[in-house]
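Subject: Structure for you to look at

Hello,

Here is the structure I promised to pass on. Please open it first, then read my notes below.

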Amino acid sequence: ERGMFIDVLAHELRTPLTPMLASVGMWQESLPAETSAIRSRLIGLISGSTHTMAQRLEELLEVARYSRGDFKLNLKRVDLREFFPDVINRYRPTLEQHRNTLVNELSVDLPIVDLDPSRMEQVIINLLSNAAKYGKEGSKIYFKARVENSALRVDVRDEGKGLFPEDI
């Protein structure tokens, strides 16, 4: 069964990933203050990439849970005026790696809502990641969030060539 295969695969991938995460964390903590900017940045990239791998592994496990019918949302009260900037700031190093500039257009009247923060963060990161990947390097990425017709609307737009109409 597919879900069982994904569970086994995820376990096999998690086994070497766990000490990698711990090691890179200890490595970062042990760096002397006079470490070169290039070396610090490279170690930061290794750390970020290792955490991204761990996140992708968790997403793979979520796919397995979903295929088994075990998918659940963990709703919490979230103030979107704080949530969106926090998520964007965590992703900013990746945008800077692509030399993209993020233009934040957050409405001042964003509400407090019930949502699953990790799922919403996953959606936002996927949108920003696609914009960085498929937009022009060194261009602007626009993140806009507002209330429209009693619903939350979030737009991420890049300056890339876009999709062909038949692919939309």
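The count of aromatic pairs comes to 2. Keep in mind that this is a predicted model.

Start with one of the pairs, F84 and F143. A pair of aromatic rings is described by the distance of the centres and the angle of the planes. For F84 and F143, the centres are 5.4 Å apart and the planes make an angle of 65 degrees. That pair is edge-to-face, because planes over 60 degrees apart count that way.

Now place the two residues. F84 belongs to helix α3, residues 80–97. F143 belongs to strand β4, residues 140–148. Are F84 and F143 buried or exposed? Both are buried. Ring pairs also bring in F83, which forms a cluster with F84 and F143.

Another ring to look at is that of Y142. The charged end of R157 sits over this ring, 4.2 Å from its centre.

Next, go to D79. This residue lies in strand β1, which covers residues 76–79. What does the side chain of D79 make a polar contact with? The partner is the side chain of R81, at 2.9 Å. D79 also touches P111 and I112, leaving out residues up to four places away in sequence.

Best wishes

Methods
Residues are numbered from 1 along each chain as its sequence is written. This is a predicted model: local features need pLDDT of at least 70, side-chain atom pairs count only at pLDDT 80 or more; totals for chains, interfaces and linings use all residues. Side-chain values use heavy atoms; hydrogens and water are left out. Helices (H or I, at least four residues) and strands (E, at least two) are DSSP runs, numbered from the N terminus. A polar contact is a pair of N or O atoms within 3.5 Å; within protein, one must be able to donate a hydrogen and the other to accept it, and residues adjacent in sequence count only if both atoms are side-chain atoms. Contact means heavy atoms within 4.5 Å. Rings of Phe, Tyr and Trp (its six-membered ring) pair if their centres lie within 6.5 Å; planes under 30 degrees apart count as stacked, over 60 as edge-to-face and the rest as tilted. Buried means under 20% relative accessible area, exposed over 50%, partly exposed in between (1.4 Å probe, protein chains only). A charge sits over a ring if NZ of Lys or CZ of Arg is within 6 Å of the ring centre and within 35 degrees of the ring normal.
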